[in-house]
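Biologist: Could you walk me through how to read helix packing and burial in a model like this one?

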Amino acid sequence: MGLVGFNEDTPLEEYKIKGRSVWVKRDDLMGDGVNLPPWGKIGGVYQLVKNYVDPNKPLTHLSVDGSWTGWVLAKICDDLGIEFHLSYPDSKKISRVYLDMVKEMFPSVHMNPIRPNMMKVMYHSLMSSSAENGWQMLPYAFDHIFYRNYLKERMQPYKHFKNLVVSSGSGVTLSGLMMGYYEEELKEFFVKTDKKVWTTCVSSRNSIKKMLLKSGVGQLPIDIRKSEYDFEDRLDAYETPFPCNQFWDIKQWHWLENNIDSLEGDILFWNIGGIYKF
């Protein structure tokens, strides 16, 4: 992969909570923060675009507040020579500084404001207009086996940990990581394991459960909890020992600091995103 600013070899770092070691996979360092955002989904998104998208047809995707998808897809499409239309809700909630930055970095990107509404409504509206315009769309939340398989392979060196702690948004990234983490257990008809996944979501427990079942990992050991903090709450007064995305990862680390006594055995914390500065 020749993306400038992309780093696939992110470090595993040791931190301490109450004297216990917590190993943190710093996938927030997958992007350098200059050419690409600090986001651990870049590699999977690249594989999805490269293998799923017809390079001869325009591509669009819905980018919302707190998401780096617009920046990442603009960079990937620029690298692969694909016409890209950055769709976003025409609302004060999404940062104009962010949108202007993407346009300045990638002048060939077409900006496509759409009427703001609930996420599902906007997505289906974009599907209709994309069909009329002859544009391609990626699956919602990158919900595709190409994306999951990238994360499955990425997890391989770390599946020996007894505890995997990772935040969840839609559950797609979580499901890909679980496919790798429980790879051996998935080969057995009856799952027997002393490993466990712990996740905090800002959506709903049921939506995460549905995504995991759809992905074939819903039967595996996992603790899913709804965060006590709303999505918009960036926990500005709370400090972490490494950069955490304020919408997702920081809420997972906060939970771990307060609940580490519930976990038996060694701990891997998978940090997906760094600080969102917009």
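**Reading the helices**

Modeller: Start with α8: Asp249, Ile250, Lys251, Gln252, Trp253, His254, Trp255 and Leu256 are buried there. Buried means under 20% relative accessible area, exposed over 50%, partly exposed in between (1.4 Å probe, protein chains only). Helices (H or I, at least four residues) and strands (E, at least two) are DSSP runs, numbered from the N terminus. This is a predicted model, where local features need pLDDT of at least 70, side-chain atom pairs count only at pLDDT 80 or more, and totals for chains, interfaces and linings use all residues. Residues are numbered from 1 along each chain as its sequence is written, and side-chain values use heavy atoms, with hydrogens and water left out.

Biologist: Why is α8 largely enclosed by the rest of the structure?

Modeller: Because eight of the eleven residues of α8 (residues 249-259) are buried. Those buried residues pack against strands β1, β2, β7, β8, β9 and β10.

Biologist: At what angle do α2 and α3 pack?

Modeller: Angles run from 0 to 180 degrees between N-to-C directions, with axes fitted to C-alpha atoms over the stretch in contact. Here α2 (residues 69-80) and α3 (residues 96-105) pack at about 5 degrees, axes 10 Å apart. They are therefore roughly parallel (under 35 degrees).

Biologist: Which residues make the contact?

Modeller: Thr69, Gly70, Trp71 and Ala74 of α2, with Tyr98, Met101, Val102 and Met105 of α3; contact means heavy atoms within 4.5 Å.

Biologist: Is Thr173 buried or exposed?

Modeller: Thr173, in α6 (residues 172-181), counts as buried at 9% relative accessibility. Leaving aside neighbours within four places in sequence, Thr173 touches Lys41, Tyr147, Leu151 and Ile272.

How values were computed. Parallel < 35°, antiparallel > 145°, perpendicular 65-115°, else oblique.
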